[in-house]
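Please look over the model below before reading my points.

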Amino acid sequence: MSTATVVVTGLGVAAPTGLGAREHWAATLGGRSGIGRLTRFDPSGYPAKLAGEITGFAAEEHLPGRLIPQTDRMTRLALAAADWALADAAVRPDELASFDMGVVTASASGGFEFGQNELRKLWSQGSQYVSAYQSFAWFYAVNSGQISIRNGMKGPSGVVVSDQAGGLDAVAQARRQIRRGTRLVVSGGVDASLCPWGWVAQLAGGRLSTSEDPARAYVPFDRDACGHVPGEGGAILILESAESARERGAPSYGEIAGYGATFDPRPGSGRPPGLRKAVELALADAGAQPGDVDVVFADAAGVPDLDRAEAAALTQVFGPHGVPVSVPKTMTGRLYSGAAPLDLTTALLALRDGIVPATVNVELSPEYGMDLVVDRPRRLGLRTALVLARGYGGFNSAVVLRAPAPH
């Protein structure tokens with residue numbers, strides 16, 4: 001396998017902060033949060049009532065009518081985001097060889113809302129009323145499948161089923177496929193489980209904030225941290241070899257320079273968490289030193305014990321207050337497999353514009369020893385960014401991004 005440079009040439013965003021990368025970036029820099037009381041169903045009977053919802057998305061305006069009855073909301077969002085990413089990269093799939101293009105996405109839950117609706121029909125009306133599309137619309141791999149079918153992409157493809165960290169793992173898998181010879185891979189992740197069935201599943205994890213104040217419900221690294229607010233959406237990215245991008249005359253947002261992944265040891269083992277090791281592996285893969293990193297986009301679980309573990313890992317690698325840290329997801333909630341691809345997108349835009357977005361609503365507790373960017377964005381000379389993600393069950397992943405070399 002080669003060590004070819006792999007770059008990102010297109011970005012597509014569907015998030016509580018906006019539809020499209022431009023709208024998302026403007027909202028992020030403006031500190032405009034997408035967190036509020038759930039509207040997709042009545043949350044009155046549940047302990048958690050807030051979410052990061054996407055507004056203004058009408059699937060019929062973006063997709064052909066035949067796709068609507070066979071897709072869950074997450075897949076409609078993913079298809080639209082893939083279209084926007086391809087357009088941003090100036091890629092016309094029909095002009096490329098079908099086996100030169102692949103799709104690797106991440107999913108934490110699959111099409112929960114579609115599945116819930118069909119189960120309701122099964123029990124209230126009978127099996128003859130259940131859609132035949134239930135056979136695949138709920139499935140974890142459906143976003144990869146539908147994107148590949150819509151765009152005629154027949155190259156190496158797949159799905160990573162993992163919460164949070166899976167969004168980085170999918171991009172790493174895409175980089176691996178490109179280094180094996182695939183010209184272009186669509187990657188990232190979009191999740192959407194804001195339905196009663198999905199909500200109960202998320203509540204079962206025990207990490208949802210029950211605060212009803214949108215400004216104080218998800219405040220990682222804060223004395224009042226009490227869990228996270230879930231959200232829907234994510235980002236789709238177009239990855240290519242740098243050589244392929246040059247041949248097309250396509251500019252890149254930056255390079256996927258390094259990747260590392262670890263698992264935490266079993267509870268009670270006495271061994272340290274694996275996040276620090278994931279960071280060190282990613283830095284080594286990128287040929288970078290801790291001092292090269294200009295900004296970190298943190299996982300930010302919003303659970304005090306987990307926040308302490310992340311802060312400790314950052315302090316061990318970079319030193320106390322050693323690197324600016326940003327948590328833009330306090331404006332969206334945690335988007336599960338879509339969270340890390342959205343952070344990658346935000347980090348690439350930060351590298352492009354030389355500005356670190358602020359972490360809104362958080363009052364940093366001194367115990368964490370971090371340089372958390374709060375209150376307002378910070379202008380810096382940015383060349384290298386580190387994005388972190390941790391999934392439920394002890395998954396840790398880290399990706400190093402490097403800005404394009406100046407012309």
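1. Start with the pocket. Among the elements lining the largest pocket, helix 10 gives the most, with four residues. Helices (H or I, at least four residues) and strands (E, at least two) are DSSP runs, numbered from the N terminus. A pocket is found on a 1 Å grid over the protein atoms alone: it is an open set of points where a 1.4 Å probe fits, with protein on both sides within 12 Å along at least five of seven lines. Lining residues have an atom within 4 Å of a point.

2. A word on the source. This is a predicted model, in which local features need pLDDT of at least 70 and side-chain atom pairs count only at pLDDT 80 or more, while totals for chains, interfaces and linings use all residues. Residues are numbered from 1 along each chain as its sequence is written, and side-chain values use heavy atoms, with hydrogens and water left out.

3. Back to the largest pocket. Its lining has 44 residues, and Asp-163, Arg-207, Gly-391, Tyr-392 and Gly-393 lie nearest the centre. Two or more lining residues come from each of helix 7 (196–204), helix 10 (304–318), strand 15 (384–391) and strand 16 (395–402).

4. Now helix 6. Is it mostly covered or mostly uncovered? Mostly covered: twelve of its 14 residues are buried, that is, under 20% relative accessible area (1.4 Å probe, protein chains only). Among them are Leu-168, Val-171 and Ile-178. The expected span is 1.5 Å times one less than the number of residues. Residues 166–179 should therefore span 20 Å, and the end C-alpha atoms are 20 Å apart, which agrees. Gly-181 follows helix 6, with a positive phi near 125°.

5. Next, Leu-349. This residue sits in helix 11 (residues 339–353). Its relative accessibility is 2%, so Leu-349 counts as buried. Leaving out residues up to four places away in sequence, Leu-349 touches Leu-11, Ala-21, Trp-25 and Tyr-253. Contact here means heavy atoms within 4.5 Å.

6. Last, Thr-262. Look for this residue in strand 9 (residues 254–263). Thr-262 counts as buried because its relative accessibility is 12%. A polar atom of its side chain lies 2.6 Å from the backbone oxygen of Gly-274. Beyond four places in sequence, Thr-262 touches residues including Leu-275, Leu-281 and Phe-395.

How values were computed: Buried means under 20% relative accessible area, exposed over 50%, partly exposed in between (1.4 Å probe, protein chains only). A polar contact is a pair of N or O atoms within 3.5 Å; within protein, one must be able to donate a hydrogen and the other to accept it, and residues adjacent in sequence count only if both atoms are side-chain atoms.
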